[in-house]
Amino acid sequence: LNPGATAAQINSAIASCPAGQVVFLNAGTYNITSAGILFDAKSNVTLRGAGPNLTILKFTAGCAGTIGANVCVQNANGGNWWAGSPGNVSNWTAGYAKGSAQITLSTTANLQVGTIVILDQLDDTTDDGTIYNCFTVTTCTEQGPDAGRTGRGQHQTVRVTAINGSLVTITPPLNMPNWRADRAPQAWWSSNLPVSGVGIENLTLDHAGAAQSEYGIQFINAVNGWVRNVRSINSKNAHINFYQSSHVTVRDSYFYGVQGGGSQSYGMEPWLADDLLIENNIFQHVTNAIIHSGSTASVFAYNYAIDDFFINPT
């Protein structure tokens, strides 16, 4: 596509692009005015520019039907599956040992191979000297729980690789040693498969004109995606938000500036997102480069942050 292409034309190209192929934006400036860039249940497609100094997307509108972003990578029901409305919920009745790759569920309705499943359990009520999971304000925290379900702070995001009756094989294996029956462990999931293999590369995203959009890029119920060699400028809240997603890589990119300079004006913001790789990025003039809102088994390495910027509103 060439400069002058609209959001609708770019989104149409993404929707019709064959798996494993690229939607290429030639050098120039693209004014994204009517809607955001949307990968709606569209997997294995890359959006690629000619380079971050050459291909520039200027946003004044974001994606509809999501939490709010200018570039949205989401499964078929997008933000409709979340901790407040978890969709399918099952009791997790056996298979709690650290390193286990098989768990037993009381129901597997609407569960498919490839589905993202979030495992959680009730918070601890007392500190027994081992692992203490507590998210009660004034008791053990100043700000309360993360993005998980109420009263269930400990979680892990896994994918289903096999289903045999009530026995479900998952990847990665359990990474904590304190899953146990007396904490009423459960599993919950979307009825739709996650979006997978979406890449965003070699371009600039200018969010300064899109004050209504919460995030620059948002991955919702997504796996195995990536952002590489991207310059992101003046996002309202986090430049990239990861929600109920896993195995997303952000590498070799530059994130500058925030619109508000207040809470949530971050670089990277994982919410119920695990096994992320965030490496070799530069964060400048953002409130906090990387905020940990309940991300497990993720790697944040070789990133550089300068000029942290925060205005405490009165």
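Are phenylalanine 255 and phenylalanine 283 buried or exposed? Phenylalanine 255 is buried, and phenylalanine 283 is too. Buried means under 20% relative accessible area, exposed over 50%, partly exposed in between, with a 1.4 Å probe and protein chains only.

A word on the model. It is predicted: local features need pLDDT of at least 70, side-chain atom pairs count only at pLDDT 80 or more, and totals for chains, interfaces and linings use all residues. Residues are numbered from 1 along each chain as its sequence is written, and side-chain values use heavy atoms, leaving out hydrogens and water.

Now the rings. The whole structure holds 6 aromatic pairs. Rings of Phe, Tyr and Trp (its six-membered ring) pair with centres within 6.5 Å; planes under 30 degrees apart are stacked, over 60 edge-to-face, the rest tilted.

Take phenylalanine 219 and phenylalanine 242. They are stacked, 6.0 Å centre to centre, with 5° between the planes. Phenylalanine 219 sits in strand S15, phenylalanine 242 in strand S18, 23 residues apart. Strands are DSSP E runs of at least two residues, helices H or I runs of at least four, numbered from the N terminus. Phenylalanine 219 is buried at 0%. Phenylalanine 242 also has a relative accessible area of 0%.

Back to the opening pair. Phenylalanine 255 and phenylalanine 283 are stacked, at 5.3 Å and 15°. Strand S20 holds phenylalanine 255 and strand S23 phenylalanine 283, so the pair ties together parts 28 residues apart in sequence.

Elsewhere, ring pairs link Trp92, Tyr96 and Trp179 into a cluster.

Last stop: asparagine 11. It lies in helix H1 (residues 7-16). Asparagine 11 is buried, with a relative accessible area of 17%.
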